[in-house]
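Here is a short briefing to read alongside the sequence and the 3D view. Keep both open as you go through the points.

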Amino acid sequence: MPKMIKGRAKKAGLSPGTLVHIGEKRETAATISAIAYDASQFNEKIDLSVPESLSFRNTGGTIWVNIEGIHQLDLIEALGNGFGLHPLVLEDIANTDQRPKMEDHGDYLYLVLKMLTLTSDRPVGHQEIVTEQVSFILGSHFVLSFQEGIKGDVFASVRERLRNAKGRIRSLGADYLLYSLLDAIVDHYFVVLENLGEKIEVLEEELVSHSREKTLQTIHH
């Protein structure tokens with residue numbers, strides 16, 4: 001039985017809004033980091049508790065809270081309650097089988113999409129594509145991002161711009177921050193596509209010049 005069907009079966013008989021993690025089981029603990037900034041100040045913290053991350057709302061300016069590890073449901077629920085998120089939104093965040101979508105909940109927007117990265121522990125040409133679901137909450141002055149907990153993301157360039165006040169990002173609001181994060185995800189699609197295109201070119205040459213049984217296995221993969 002496909003693993004996602006197995007995961008959905010865990011929700012059978014439960015009331016709507018009940019938090020159930022649907023996705024790959026992970027052993028590592030979830031982590032929270034937060035950034036608060038405006039045109040004149042910048043504050044960044046890592047490995048925060050839920051109360052510490054909620055206190056960032058009082059620092060002024062724009063707030064970005066990033067959570068890595070949606071399998072830790074008690075943390076997701078506590079943070080969601082602190083920011084006033086609807087239980088059905090939290091349920092969607094914990095379900096990694098979502099299709100890309102955006103929902104307007106009045107006080108905030110909920111967005112979800114897939115982030116694609118390449119494994120960094122393999123040589124160029126042998127890297128694998130890693131798919132991870134990312135959920136965003138856009139409020140009036142804050143952005144929450146929920147990642148599955150796979151090590152690494154594509155937001156390094158956004159963090160660098162925030163730390164060094166590059167461009168307009170520090171002088172604009174949470175909506176521009178969300179735009180920048182989405183732009184980083186989409187830009188990285190092209191990195192993955194370019195890598196995949198190079199693999200296809202090598203495979204085409206192999207098919208014409210010296211195809212073998214392993215070539216068929218590679219095509220299937």
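The notes below go from the overall fold to strands, salt bridges, surface charge and backbone angles.

This is a predicted model, in which local features need pLDDT of at least 70 and side-chain atom pairs count only at pLDDT 80 or more, while totals for chains, interfaces and linings use all residues. Residues are numbered from 1 along each chain as its sequence is written, and side-chain values use heavy atoms, with hydrogens and water left out. The protein chain has seven helices and seven strands; helices (H or I, at least four residues) and strands (E, at least two) are DSSP runs, numbered from the N terminus.

**Overall fold**

- Starting at the N terminus, the order of elements in the protein chain is α-β-β-α-β-α-α-β-β-β-β-α-α-α.
- Of the 221 residues in the protein chain, 41% are buried; buried means under 20% relative accessible area, exposed over 50%, and partly exposed in between (1.4 Å probe, protein chains only).
- The accessible areas themselves come from the Shrake-Rupley method with a 1.4 Å probe, and for residues only the protein chains shown count as cover.

- Strand 1 (residues 31-37) has five of its seven residues buried, so it is largely enclosed by the rest of the structure.
- Strand 1 runs antiparallel to strand 3 (residues 62-68), with seven bridges joining them; two strands pair if DSSP finds at least two bridges between them.
- Within this pairing, Ile35 sits opposite Trp64 of strand 3.
- Strand 1 is also antiparallel to strand 2, here through four bridges, and Ala36 has Asn43 in strand 2 as its bridge partner.
- Four residues lie between strand 1 and strand 2 in the hairpin that they form.

- Strand 6 (residues 129-138) is mostly covered, as eight of its ten residues are buried.
- On one pairing, strand 6 is joined to strand 5 (residues 109-118) by ten bridges, and the two run antiparallel. Leu116 is found opposite Thr131 of strand 6.
- Strand 6 also pairs with strand 7 (residues 142-147), again antiparallel, by five bridges. Here Leu138 faces Val143 of strand 7.
- A hairpin with three residues connects strand 6 to strand 7.

**Salt bridges**

- Five salt bridges turn up in a search of the whole structure; each is a side-chain nitrogen of Lys or Arg within 4 Å of a carboxyl oxygen of Asp or Glu.
- One of them pairs Arg163 with Glu44, whose closest N and O atoms are 2.9 Å apart. Arg163 belongs to helix 5 and Glu44 to strand 2, so this pair ties together parts that are 119 residues apart in sequence.
- Both partners are partly exposed: Arg163 has a relative accessible area of 38%, and Glu44 has 28%.
- Lys101 and Asp92 form another salt bridge, at 2.9 Å from N to O. Lys101 is partly exposed at 29% relative accessibility, whereas Asp92 is buried at 17%.
- Asp92 and Lys101 also belong, with Glu103, to a network of salt bridges.
- Glu206 meets Arg212 in a salt bridge at 3.9 Å, N to O, and Glu206 is buried, with 14% relative accessibility.

**Surface charge**

- Glu194, Glu198, Glu201, Glu204 and Glu205 form a negative surface patch.
- Patches are made of residues with over 30% relative accessible area and no salt bridge, with like charges joined within 9 Å and nonpolar side chains (Val, Leu, Ile, Met, Phe, Trp, Tyr) within 5 Å.
- For the charges, Lys and Arg count as positive and Asp and Glu as negative, leaving out His and the chain ends; each charge is placed at NZ of Lys, CZ of Arg, CG of Asp or CD of Glu.
- Among the patch members, Glu204 is part of helix 6 (residues 174-210) and is partly exposed at 47% relative accessibility.

**Backbone angles to check**

- Most residues other than glycine have a negative phi.
- Asp47 is not a glycine, yet its phi is positive, near 55 degrees. Asp47 lies in the loop between strand 2 (42-45) and helix 2 (50-55) and is exposed, with a relative accessible area of 59%.
- Ala165 likewise has a positive phi, of about 55 degrees, without being a glycine. Ala165 is in the loop between helix 5 (156-164) and helix 6, and its 38% relative accessibility makes it partly exposed.
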